Amino acid sequence: MIDALSAEWYKLRTVRSTFAVLGTVAAFMLLCVLWSWYVTRYWDGLPAARKAKATAAPAEQPLAVALPVCAVVLGALTITSEYSHGMVRTTLAVLPNRLALYAAKGGVAAAAMLAASLAALAAGTAAGNAIVGDRPVATFQGPVADVAVHLLWLGLTTAAITLIAFALGAVLRSTAATITAGTVVLFVAPGLARLLPPPWDERISSALPGNLSNQIAAAPGSPTDHGVLAPSAAFALLVTYVVVALAAGAFSFTRRDA
C-alpha cells in the first residue's frame, strides 16, 4: 500500500493539471486579500449609523466558493485522465490489486486537496484579519477557536467533495461527464431546489453536498440561515455521501474491464 501511495503521489505532483488546480487555489487566496481590502475601504466610507447594521462576507468567502470546483476537477482528473490516455491498463499491470490502487488514488487526491485548502484558507483568513484590523466587522472578529473549526470543516468538506468526484469519475470514466455532473450537483441543483414549494425548497437545498459545511460549522458572525439540518445531521449526511460514492466507485473500478 505504501508503494501504491508513493506512486500515486508521484503521478499527481508531476502532471500539469495538478499545478493548474493548485494555482487556482492560490489565486483565490489572493482574492481573499483583495476582498478584505475592499471591506476595509467600504467600512471606512460608511456613516457611523450604518456601521452598526453593516455586514460583510468573511475573508475566506472567495475560497469557499472556488474550493468545491477545484475539488471536483482534481478528483475527476485523478482517475479519468488515466482512462482517457489508456494508461490505466499499464497501471493495473504494475499493481493488479485494484482495490489498493483505487484507495491509493483517492487517498492521495483527497489529502492533497485537504492540505492545499487548509493552507490557503488559513493564509487568506490571517491576511484578511490583519488588513481589517480592529474594525468591528463581525465576520472578521470571531473567536480564534470558532474560526479554526469553521476553516477546518471547509477543508474537510473540500476533501470529501474530492473523494465524491473521484468515485464518480471511476463510475463515469469521462472527465467531461464527471466535472459536468459535479458542477450540476454543486451549483445547479441548489438553484433548482429553491424553485420547489416550501418547505421542500429549504429541505432539499440543505441536504445538498455543497451546503453542508456551513450547517456543520458556519463562519462566526455570519447569518444563521444556512439550512435546516443540525450539525450532527449535516455531518452524518456528508459521511453518507462519501461512503456511498466510494462504494459505487470501488465496485465499478474492481468489476469492470479497464
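**Figure 1. Valine 72 sits in helix α4.** The model shown in this and the following views is predicted. Valine 72 has a relative accessible area of 4% and is therefore buried. Beyond its neighbours within four places in sequence, valine 72 is in contact with Ile161, Ala165, Thr178, Ile179, Gly182 and Leu186. Alanine 181 is 109 residues away from valine 72 in sequence, yet the C-alpha atoms of the two are 9.3 Å apart.

**Figure 2. Helix α4 (residues 61-85) and helix α5 (residues 87-94) cross at roughly 105°.** Two packed helices are described by the angle between their axes and the distance between the axes. Here the axes of α4 and α5 come within 5 Å. Angles of 65 to 115 degrees count as roughly perpendicular, so α4 and α5 are roughly perpendicular to each other. On the α4 side, the residues that meet α5 are Glu82, Tyr83 and His85. On the α5 side, the residues are Met87, Val88 and Thr91. Sorted by class, this contact of α4 with α5 has three nonpolar, two polar and one charged residues.

**Figure 3. Cysteine 32 and cysteine 70 are too far apart for a bond.** A disulfide is a covalent bond between the sulfur atoms of two cysteines. To count as a disulfide, the two sulfur atoms must lie within 2.5 Å. The closest cysteine sulfur to that of cysteine 32 belongs to cysteine 70 and is 12 Å away, so the pair is too far apart for a bond. Seen from cysteine 70, the closest cysteine sulfur is that of cysteine 32, again at 12 Å. The count of disulfides in the model is zero. Cysteine 32 has a relative accessible area of 0% and is buried. Cysteine 70 is also buried, with a relative accessible area of 6%.

**Figure 4. Two of the spans listed as "transmembrane region" in UniProt are residues 19-39 and 59-79.** The UniProt entry is unreviewed, and the other spans it lists under this name are 99-127, 147-168, 175-193 and 233-253. In the model, residues 19-39 are 100% helix and 0% strand. The end C-alpha atoms of residues 19-39 are 30 Å apart. Residues 59-79 are 90% helix and 0% strand. For residues 59-79, the distance between the end C-alpha atoms is 33 Å.

**Figure 5. Threonine 125 lies in helix α6 (residues 98-132).** With 6% relative accessibility, threonine 125 counts as buried. Apart from its neighbours within four places in sequence, threonine 125 is in contact with Ala59, Glu60, Val147 and Leu151.

**Figure 6. Arginine 173 is placed in the loop between α7 (144-172) and α8.** Most residues other than glycine have a negative phi, and most peptide bonds are trans. Arginine 173 has a positive phi, near 60°. The relative accessible area of arginine 173 is 18%. Buried means under 20%, so arginine 173 is buried.

**Figure 7. A cis peptide bond joins proline 198 and proline 199.** The omega angle of this bond is about 5°. Proline 199 is in the loop between α8 (175-193) and α9. Helix α9 (residues 200-207) holds serine 205. Serine 205 counts as buried, at 3% relative accessibility. Leaving out its neighbours within four places in sequence, serine 205 is in contact with Ala193, Arg194 and Asn211.

Figure 8. Serine 252 counts as buried, at 5% relative accessibility, whereas arginine 255 counts as exposed, at 61%. Setting aside neighbours within four places in sequence, the contacts of serine 252 are Ala170, Val171 and Arg173. The C-alpha atom of serine 252 is separated by 26 Å from that of arginine 13, and the two residues are 239 residues apart along the chain. Arginine 255 and aspartate 146 are 109 residues apart in sequence, and their C-alpha atoms are 44 Å apart.

Terms used
Residues numbered from 1 in each chain as written. Predicted model: local features only at pLDDT ≥ 70, side-chain atom pairs only at ≥ 80, totals over all residues. Heavy atoms only, no water. Axes fitted to C-alpha atoms, helices over the stretch in contact; angles between N-to-C directions. Helix = DSSP H or I, 4+ residues; strand = E, 2+ residues; numbered from the N terminus. Parallel < 35°, antiparallel > 145°, perpendicular 65-115°, else oblique. Contact = heavy atoms within 4.5 Å. Nonpolar A, V, L, I, M, F, W, Y, C, P; charged D, E, K, R; others polar. Buried < 20%, exposed > 50% of the residue type's maximum accessible area, 1.4 Å probe, protein only. UniProt positions renumbered as here; feature names shortened; annotations may be inferred.
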